[in-house]
Amino acid sequence: MTQTRNLLGIRHLEPCDIETLVDLGREMKTRVLAGSNTLPDLSGNVVGMLFFENSTRTRVSFEQAAHYLKMKTASFAATGSSMSKGETLKDTILTLRYERLNGLVMRHKMSGTPVLAAKYFGGPVLNAGDGEHEHPTQALADALTVMERLGTLSGLRVAIVGDVLHSRVARSNAWLFSKMGSEVRFVGPRTLLPNHTAKLPGAIYYDLAAGIEEADVVICLRLQKERMEGAFISSVGEYAKLYQINRATLAYASKDCMVMHPGPINRGIELDDMAADGERSVITSQVENGVFVRMAGLYWAFGGEPFSKRSKAPKKAEVKSKGKVKE
Amino acid sequence: MKALLKNGRILDPSQDLDMVGNLVIEDDQVVAYGPDLKVKDVDEVYDCTGLWIAPGLVDPHVHFCEPGKEHKETISTGTQAAAAGGFTTVCMMPNTEPPLDNPALVDFILDRAASPEAGGVFVAPVGALTRGLLGREIADYAALKRAGIVAASDEGFPTQDSNVMLKAMEFCVQLDLPVLAHCEDTSLSVGGSINDGAISAMLGLKGIPRSAEEISVARNCILAAETGCRLHIMRVSTWGAVELVRQFKSLGAPITCEVTPQHFILTDEAVGEFDATCKMLPPLRTQVDIDIVVQALQDGTIDCIASDHSPHASHEVQAPFEEAPFGMVGLESVVGLTLTHLTNQGLLTPLQTIDKLSTAPATILRLDAGTLRLGETPVAQVTVIDPSLEWTFDVNKTFSKSKNTPFHGAKLRGKSVLTFCGSEIYRDAMFDNKRYRTVL
């Protein structure tokens, strides 16, 4: 029986797991772009796409990843599921388990929900973003993108700028880059940074210039306009004036600094056009790499091994029944 | 019927009594106790050697969910749990559905508590502070008091309007009713599910800051000092709240407060990977708070220990953390947790322990309980505790309908083994049968 795994967050991963996932993502990309027919074949597995919160890019990215791996997908949305009739999440998960779905990809507005799903599903569960907790595949996509350009994740200075308090992307990226040997900085207004950071791997900066000084990577976070009424910032304009990444502010960063954004972008607020579309921007690469690391995530969660450990190109992964789950 | 509790350590804080001796219960009353007591014609003998004989325990803060949420707990199952936990009087909170804001509901509660299927303990109802617990209009305290409430509380729906709280306190002063306050500024706590701290930041959960509790404690203390209302603050959890209580007490304000075992044992780290059994209100805080809370129990700033018994059905707890309800069942674990974590650690003396669990809450709520003095309780209220009994708390073997607790499987030392409310109402399976005999 093949051992399956959950991908619930970056915090619990060992650096070797992160390395494996990024390497797998790179290999998937190579093979897809080459039009190779040597991609892992996970046909026979059905993965449930449980998106209880609106999502376009992540859902499509996972579906595309599953498609490349020849997996079938079963899509659910909260409004169309039994949960809209009052069914509990636990019962929904148990139903899907006994309908013999082989794995779940889950997006939920509440932190920790994929942990709960994993407890009752008993097979591979991949977190596609939970509340303000983690978004591991986004962080893996960012890591692959950085690796492609800089060749390493170690020894970098990574500044995560904006609404860290509400960002799952910020947490996953902070864990990932710090585990891989980077220096992580959280940059933003006091109201949008956590008050207590003893358990988070990053230093706090309220001043943009100081925060991104000599940064190799600047990850901009989306300013969630819907939160503007919560007294988090005085105005969008004021925020842009203080924290926008643009030609002038990028001067504080390293001259080769990469500009990243998990999207969707509020142009003119977090980034100006020059930063979003300029040569330092790798935003489209992040999107593209998202597909490949999600292929890696699915393959890994379903028990796949690093390609280097295999004597030849991977064929059919032997994952039809649920094995022991590694948290 | 005459029962002899023989050779136990009799602990009665109401008389500062700590001695080894015998206690006699005859016709549902405590009729005598003392060392070298000669007793004739007894029907039952309980050998209490090495055990504590104490006034029946009093819990100032329980939720029995009837009417309205009987799937979680009923008065019958709740009182059975209370008896098993060593309690002979429990104060039932008013946030039922509908809330306890009219005399007919108080009658209903008292009838249920007196019914044969109930556990045999006294239920002291606490009335709603405002009609419907909506925080707008004060309730009919006089009618509620005539029906039998012992206090008024906004439990579960903390009154935000200071003017409403002021008026409630003024009326309660006139009627000599204490106000039991749920201290929470909901504008600060809204959406929160865990202590605002390093763990909430790590897990991406909205935190409830300590200021949400402390601002409300401060306001209520100020109003109590102004009105002279007896204010009992429920579930203090932060060192700041303890300091506020200490300051106002030193000024002579009529303020008391309680703490729960979960708040003097667990920190927010217990939440681990989103364990909803550790979701409490106020939230579990930090080790600094625990240290100050324990000191405050020792020096008397914190007057008593409450279970805040809050039953929830399993499907409600097995939900996403932010959706799960707050609280845990506690009646059957309070004694074990308190003795294990405080008394047997030398942090409270046996007499202090019984005071926190019996005499002090009875005094605060002016209940006919919490003492062994002859004739001062309507019937004998006596709890026998084995302070050194080692056992494992198994929530599946409890009387409560709900099983939500983070302490399932906890290794404990100390247990209530016999409960008398009038006659014997509960004898624990771990009370050695050889210790009991009938005299023919």
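A polar contact is a pair of N or O atoms within 3.5 Å; within protein, one must be able to donate a hydrogen and the other to accept it. The exercises below concern a predicted model.

**Exercise 1. The interface of chain A and chain B**

Task: State how many residue pairs are in polar contact between chain A and chain B, and describe the side of chain A that touches chain B.

Solution. 

Step 1. Between chain A and chain B the count is eight residue pairs in polar contact, with both residues at pLDDT 80 or more.

Step 2. On the side of chain A that touches chain B, the elements giving two or more residues are α3 (89–98), α4 (113–121) and α6 (168–179) of chain A. The most comes from α4(A), with four residues.

Step 3. By type, the residues on this side of chain A are nine nonpolar, nine polar and five charged.

Step 4. In terms of contact, 23 residues of chain A meet 18 residues of chain B. About 1,700 Å² is buried between the two chains, and carbon and sulfur atoms give 59% of that area. In chain A, the residues that lose the most area to chain B are M110(A), H196(A) and K199(A), which together make up 31% of what that side buries.

**Exercise 2. Salt bridges across the interface**

Task: How many salt bridges does the rule find across the interface of chain A and chain B? Describe the one formed by E269(B).

Solution. 

Step 1. The rule finds two salt bridges across this interface.

Step 2. In one of them, E269(B) pairs with K199(A), and the closest N and O atoms are 3.4 Å apart. The cut-off for a salt bridge is 4 Å, so the 3.4 Å of this pair falls within the limit.

Step 3. K199(A) is also among the three residues of chain A that lose the most area to chain B.

**Exercise 3. Salt bridges within the chains**

Task: Are the residues buried or partly exposed?

Solution. 

Step 1. Over all chains, a search of the whole structure finds 31 salt bridges. Side chains of opposite charge can pair when their charged atoms come close.

Step 2. E155(B) is in the loop between β9 (151–153) and α4 (162–175) of chain B, while R235(B) is in the loop between β13 (231–233) and α8 (239–250) of chain B; the pair links parts of the chain 80 residues apart. Both E155(B) and R235(B) are buried.

Step 3. K249(B) is in helix α8 of chain B and D303(B) in the loop between α10 and β15 (304–305) of chain B, so the bridge ties together parts 54 residues apart in sequence. K249(B), at 22% relative accessible area, is partly exposed, whereas D303(B), at 16%, counts as buried.

Step 4. In chain A, a network of salt bridges links E53(A), R107(A) and R168(A).

**Exercise 4. Helix spans**

Solution. 

Step 1. α7(B) has 18 residues and should span 26 Å; its end C-alpha atoms are 26 Å apart, so the two values agree.

Step 2. The buried residues of α7(B) include A212(B), V217(B), C221(B) and L223(B). G228(B) follows the helix with a positive phi near 80 degrees.

Step 3. Helix α1 (residues 15–33) of chain A, with 19 residues, reaches 27 Å from its first C-alpha to its last, close to the expected 27 Å.

Step 4. Among the buried residues of α1(A) are D17(A), L21(A), L24(A), M28(A) and R31(A). Just after this helix, G35(A) has a positive phi of about 65 degrees.

**Exercise 5. The surroundings of G422(B)**

Task: Where does G422(B) lie, and which residues is G422(B) in contact with beyond its neighbours within four places in sequence?

Solution. 

Step 1. G422(B) is in the loop between β17 (411–421) and β18 (423–427) of chain B.

Step 2. Its relative accessible area is 2%, so G422(B) is buried.

Step 3. With neighbours within four places left aside, the contacts of G422(B) are I25(B), D28(B), V379(B) and A380(B).

Step 4. G422(B) and T88(B) lie 334 residues apart in sequence, with 9.5 Å between their C-alpha atoms.

Key
Residues numbered from 1 in each chain as written. Chains lettered and ligands numbered in written order. Predicted model: local features only at pLDDT ≥ 70, side-chain atom pairs only at ≥ 80, totals over all residues. Heavy atoms only, no water. Contact = heavy atoms within 4.5 Å. Buried area = accessible area lost by both parts, 1.4 Å probe. Salt bridge = Lys/Arg side-chain N within 4 Å of Asp/Glu carboxyl O. Polar contact = N/O pair within 3.5 Å; in protein donor to acceptor, adjacent residues only side chain to side chain. Nonpolar A, V, L, I, M, F, W, Y, C, P; charged D, E, K, R; others polar. Buried < 20%, exposed > 50% of the residue type's maximum accessible area, 1.4 Å probe, protein only. Expected span 1.5 Å × (residues − 1).
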